[in-house]
Amino acid sequence: MAQPGDITQLLQAWAAGDEAARDAAIELAYPELRRIAQNRLRTEGDALTLDATGLAHEAYLRLAEQHQTRWENRAQFFAIVARVMRRILVDRHRARMAQKRAGGVARVAFSDVDLAMPEALDLDRLNDALDRLALQDARQAQIVELRFFAGLTIEEAGEAVGVSPATLKREWVLARAWLKRELDDAG
């Protein structure tokens with residue numbers, strides 16, 4: 001994994017308009033992008049026709065288009081990566097469902113089962129629930145994106161959000177409990 005300071009410097013140069021820094025930052029972060037994509041897709045099974053390389057490349061392309069983002073540091077970069085991957089997965093899921101004309105539902109496993117989350121979730125329902133959670137508690141919604149969609153550890157997500165690992169873990173537990181209730185009620 002690249003050194004956080006290296007990526008941070010490149011991201012700040014990118015924010016100042018240096019396109020070479022953009023390419024270097026993404027190249028330096030690419031192994032981490034691919035690892036995140038692999039972790040995310042490992043639980044998808046056959047639900048998507050996208051592999052880890054494809055998801056990482058799609059995220060790369062969307063990130064490369066970011067011209068207005070004020071990149072601050074590695075943590076903020078990976079928080080945005082989480083949001084980009086969420087959008088990619090939801091967009092692909094919706095396109096697939098539109099092709100099937102309300103056919104079967106793609107299922108997504110929810111990681112960390114210590115709160116007895118359902119074994120599989122409908123990605124559309126999860127996305128809608130996350131949007132509702134964001135209205136109530138934006139930080140908890142961001143934590144779910146970082147942990148579930150980007151596959152960041154408690155420590156990495158805490159760095160991205162700017163809280164201690166203990167605080168992040170408490171927020172993660174609350175967010176997952178809220179989502180479980182919402183998804184059970186909606187199901």
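Read along the sequence, the chain follows the pattern α-α-α-α-β-β-α-α-α-α, and its secondary structure comes to eight helices and two strands, where helices (H or I, at least four residues) and strands (E, at least two) are DSSP runs numbered from the N terminus. The model is a predicted one, in which local features need pLDDT of at least 70 and side-chain atom pairs count only at pLDDT 80 or more, while totals for chains, interfaces and linings use all residues. Residues are numbered from 1 along each chain as its sequence is written, and side-chain values use heavy atoms, with hydrogens and water left out.

Of the 187 residues in the chain, 45% are buried; buried here means under 20% relative accessible area, exposed means over 50%, and partly exposed lies in between (1.4 Å probe, protein chains only). A contact means heavy atoms within 4.5 Å, and among contacts between residues at least 6 apart in sequence, 65% join residues at least 24 apart.

### Salt bridges

Side chains of opposite charge can pair when their charged atoms come close. With a salt bridge taken as a side-chain nitrogen of Lys or Arg within 4 Å of a carboxyl oxygen of Asp or Glu, the count comes to 13 salt bridges. Three of these pairs are set out below.

| Pair | N to O distance |
|---|---|
| R22 and D23 | 3.0 Å |
| D131 and R86 | 2.9 Å |
| R132 and E182 | 3.0 Å |

The salt bridge between D131 and R86 links distant parts of the chain, with D131 in helix 5 (residues 123–136) and R86 in helix 4 (residues 74–100), 45 residues apart. D131 counts as partly exposed because its relative accessibility is 39%, whereas R86, at a relative accessible area of 8%, is buried.

R132 is partly exposed, with a relative accessible area of 33%, while E182 counts as buried at 17% relative accessibility.

In the salt bridge of R22 with D23, R22 counts as buried because its relative accessibility is 13%, and D23, with a relative accessible area of 32%, is partly exposed.

Rolling a probe the size of a water molecule over the atoms shows where empty space is left. On a 1 Å grid over the protein atoms alone, a cavity is a set of points where a 1.4 Å probe fits but cannot get out, and its lining residues have an atom within 4 Å of a point; grid points are joined across faces, edges and corners, and a volume is the space filled by probe spheres set on the points. By this rule there is one cavity of 30 Å³ or more, and the largest cavity has a volume of about 40 Å³.

The lining of the largest cavity consists of E32, R74, A75, F78, L152, E156 and A160. These residues divide into four nonpolar, no polar and three charged, with Ala, Val, Leu, Ile, Met, Phe, Trp, Tyr, Cys and Pro counted as nonpolar, Asp, Glu, Lys and Arg as charged, and the others, Gly among them, as polar. Helix 4 and helix 7 (154–161) each supply at least two residues of this lining, and helix 4 gives the most, with three residues.

Helix 7 is mostly covered, as six of its eight residues are buried, namely I154, E156, A157, G158, A160 and V161. The helix is followed by G162, whose phi is positive, near 90°.

### Two further residues

Q76 lies in helix 4 and counts as buried at 18% relative accessibility. A polar atom of the Q76 side chain lies 3.2 Å from the backbone oxygen of R70. Leaving aside residues up to four places away in sequence, Q76 touches T69, R70 and W71.

H57 lies in helix 3 (residues 52–64) and is partly exposed, with a relative accessible area of 41%. H57 and L33 are 24 residues apart in sequence, and their C-alpha atoms are 8.7 Å apart in space.

Methods
On a 1 Å grid over the protein atoms alone, a cavity is a set of points where a 1.4 Å probe fits but cannot get out, and a pocket is an open set with protein on both sides within 12 Å along at least five of seven lines; lining residues have an atom within 4 Å of a point. A polar contact is a pair of N or O atoms within 3.5 Å; within protein, one must be able to donate a hydrogen and the other to accept it, and residues adjacent in sequence count only if both atoms are side-chain atoms.
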